[in-house]
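Biologist: I'd like to learn how to read the meeting of two chains. Could you walk me through it?

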Protein chains: 2
Amino acid sequence: MNGKPLHEAFNRTAYPITGHGKRNIGVLKDALNAYDGDLDSDIYGEGSIIEGFQGKMAGILGKDKAVFFPSGTMAQQIALRIWCDRKGVKRVAYHPLCHLEIHEQRGLHELHGIEPVLLGGKDRLISLGDVQELYGKVACLLLELPQREIGGQLPDFGELEAISACCRERGIALHLDGARLFEVLPYYQKSAAEVCALFDSVYISFYKGIGGIAGAILAGDAGLAEESKIWKRRHGGDLISLYPYILSADYYFEERLPNMGRYYEEAVELAGLFNKCQQISTLPAEPVSNMFHVHAALSKERLEPLLIELYEETGVGLTHYLRETGETSCYFEISVGDRYALIPKEELHRAFAILDEKLAAVL
Amino acid sequence: MNGKPLHEAFNRTAYPITGHGKRNIGVLKDALNAYDGDLDSDIYGEGSIIEGFQGKMAGILGKDKAVFFPSGTMAQQIALRIWCDRKGVKRVAYHPLCHLEIHEQRGLHELHGIEPVLLGGKDRLISLGDVQELYGKVACLLLELPQREIGGQLPDFGELEAISACCRERGIALHLDGARLFEVLPYYQKSAAEVCALFDSVYISFYKGIGGIAGAILAGDAGLAEESKIWKRRHGGDLISLYPYILSADYYFEERLPNMGRYYEEAVELAGLFNKCQQISTLPAEPVSNMFHVHAALSKERLEPLLIELYEETGVGLTHYLRETGETSCYFEISVGDRYALIPKEELHRAFAILDEKLAAVL
């Protein structure tokens, strides 16, 4: 993971602008300290820890039932499998940059024999028009809110409602990849249940904006929940004890849910700082959640030493990595969390002023 | 889980004879207290926590590489899938009471399209003769040591060697379900590596005799390990953080591995106490690990109130459940762990004397 100069320089900064904090085992220790040691483990999906949390999440998402999973990869494949079995069609639609397409080693195909129909594009969201052409082709449409790999973009809520209505009309199940659902609620000005009401099944994650250790919830009708438990067993995810993930999910959910509005506003502010710099632009130009991408019209090789200098001079760390997008362009992702508010504004503005100077100097 | 009189009576006893202790979150808190909070999380299978533990386990098992999995269900399906792909045969052989056949909702078939050939019987182990008839039929033979569902029986080490040689001759991969591998080493008087040398791939668990939270290791050649990581991702088991299971596995491995000989000897002693009681017999008659089954020639309905009385009179708890095997027979499983040694011998012998009297009275 390390041994990389930019990563090491970032790790030495006093003011990293992204995330909640280091992913060390103290994160779990802090959460467990809130619970008494006598509390009984969940046992293969039963017991108060898991049943209580599932009930709480079902309520928040406005669904009949919720089931805790060790990962979203598992939860989502299973949701799509259940929809395919119900509809008798082994195809689902999703975005070409969705998690199942690019991060899961084709598990949906290899384990479930399900093939995707790709909708939208590598530079745009799935639109109502895309969905209107789907008739009869797929069992399920998966929408990711926000669409992470294109900077965390969102459809207007009106378009989302139209997509949902269109799916219902055509008998297509609508599944929400809500890995960052809570992060988009301040922009939509909706409750989680109001957004989820447009979907037939919903997955949410606990280690993005919530900042837990790992784990996911799949919510939907009672039949889907029961069937998902059978598939959880088949996948090897029905662990004797999932409480390390459940307790930390619950702990950080309570701690950070109230902050989602602040993270969003801070992301808008921070994107503004980036966009004032030469050769830099953010995607989206104005964030609609706590996340956005920062694109530079500069090669990774040229930007990296400049960032390392910046970190050393200012103590402000912008990113620990750069990803190439072309010979003279690269980008990185920002997720605003607890750390942003800890940076003195003066230090932050000074860092962006220096960044702009450095970028001007290499023009 | 509770709300059952026998379970509740068992939970009130001062001297439960089975297991290490309660499965509460204190088990994890104790383990984490041994580590500094600054220790970095593993990240998607990388980092010192997971890589270090995998290297340690590969060494102990005498295999090239080891990979940590959240569950044995996942690890074993994946091992069998890899052997099937390598051999070009979608069939494996295992015992009719093996974990894959009775506890995994046919995951091996539903996710991997693999069919089993059942060897051995519901009352006996897989023999060399069974294996000799397998030629050309299967990619892999799975052996579980000890065979849990028939009381934890074991083949002689000589027969195990002959089965291994037979498999190699016939080009059949031999996979070890070693959920309780460390528990059988004192009987075999072999090291883990000596046993594993007979197998091409090995799974071990950390929440049986070791007493961790959950988690498993799959070990084998380097190619199998690498391929298993791809399947781990597909199954949804490549979590961003598996350290709650890894750190507790390592902690309790160090604590309990030295006790395996004692647990085994205590199981032999305890089985002797059961066998002196009327209408009771153990399977095996003399245990070969820390586990055995206790069979009663009495219906569950007649034995249960008698056990509840016994627990209340003596404070010694024998089991929290009974499983019917017929109209006038039932059984339960014993796994000797830390708790057995904590029972004053006088209390233990008194409890068995009273049990024998009670059983005589219902004849």
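Modeller: Gladly! Two residues are in contact when heavy atoms of theirs lie within 4.5 Å. Keep in mind that this is a predicted model.

Biologist: With that in hand, how many residues of chain B are in contact with chain A?

Modeller: There are 50, and they touch 50 residues of chain A. Together the two chains bury about 4,400 Å², with 60% of that on carbon and sulfur atoms. On the side of chain B, the most area is lost by Ile25(B), Leu111(B) and Arg234(B), which together account for 16% of what that side buries.

Biologist: And how many salt bridges does the rule find across the interface?

Modeller: For a salt bridge, a side-chain nitrogen of Lys or Arg must come within 4 Å of a carboxyl oxygen of Asp or Glu. Two are found between chain B and chain A. Glu110(B) pairs with Arg81(A) in a salt bridge, their closest N and O atoms lying 3.9 Å apart. Polar contacts across the interface link 27 residue pairs. Of the elements in chain B, α11(B) gives the largest share of the side touching chain A, five residues. By type, that side has 24 nonpolar, 15 polar and 11 charged residues.

Biologist: Let's zoom in on one residue. Is Ser241(A) buried or exposed?

Modeller: Ser241(A) counts as buried because its relative accessibility is 0%, and the cut-off for buried is under 20%. Ser241(A) sits in the loop between α11 and α12 of chain A.

Biologist: Which residues is Ser241(A) in contact with, sequence neighbours aside?

Modeller: Among them are Ser41(A) and Asp42(A), along with Arg23(B), Ile213(B) and Tyr245(B) from chain B.

Notes: Residues are numbered from 1 along each chain as its sequence is written. Chains are lettered from A and ligands numbered from 1 in the order in which they are written. This is a predicted model: local features need pLDDT of at least 70, side-chain atom pairs count only at pLDDT 80 or more; totals for chains, interfaces and linings use all residues. Side-chain values use heavy atoms; hydrogens and water are left out. Helices (H or I, at least four residues) and strands (E, at least two) are DSSP runs, numbered from the N terminus. Buried means under 20% relative accessible area, exposed over 50%, partly exposed in between (1.4 Å probe, protein chains only). Buried area is the accessible area (1.4 Å probe) that two parts lose on being put together, summed over both. A polar contact is a pair of N or O atoms within 3.5 Å; within protein, one must be able to donate a hydrogen and the other to accept it, and residues adjacent in sequence count only if both atoms are side-chain atoms. Ala, Val, Leu, Ile, Met, Phe, Trp, Tyr, Cys and Pro count as nonpolar, Asp, Glu, Lys and Arg as charged, and the others, Gly among them, as polar. Lists of a residue's contacts leave out its neighbours within four places in sequence.
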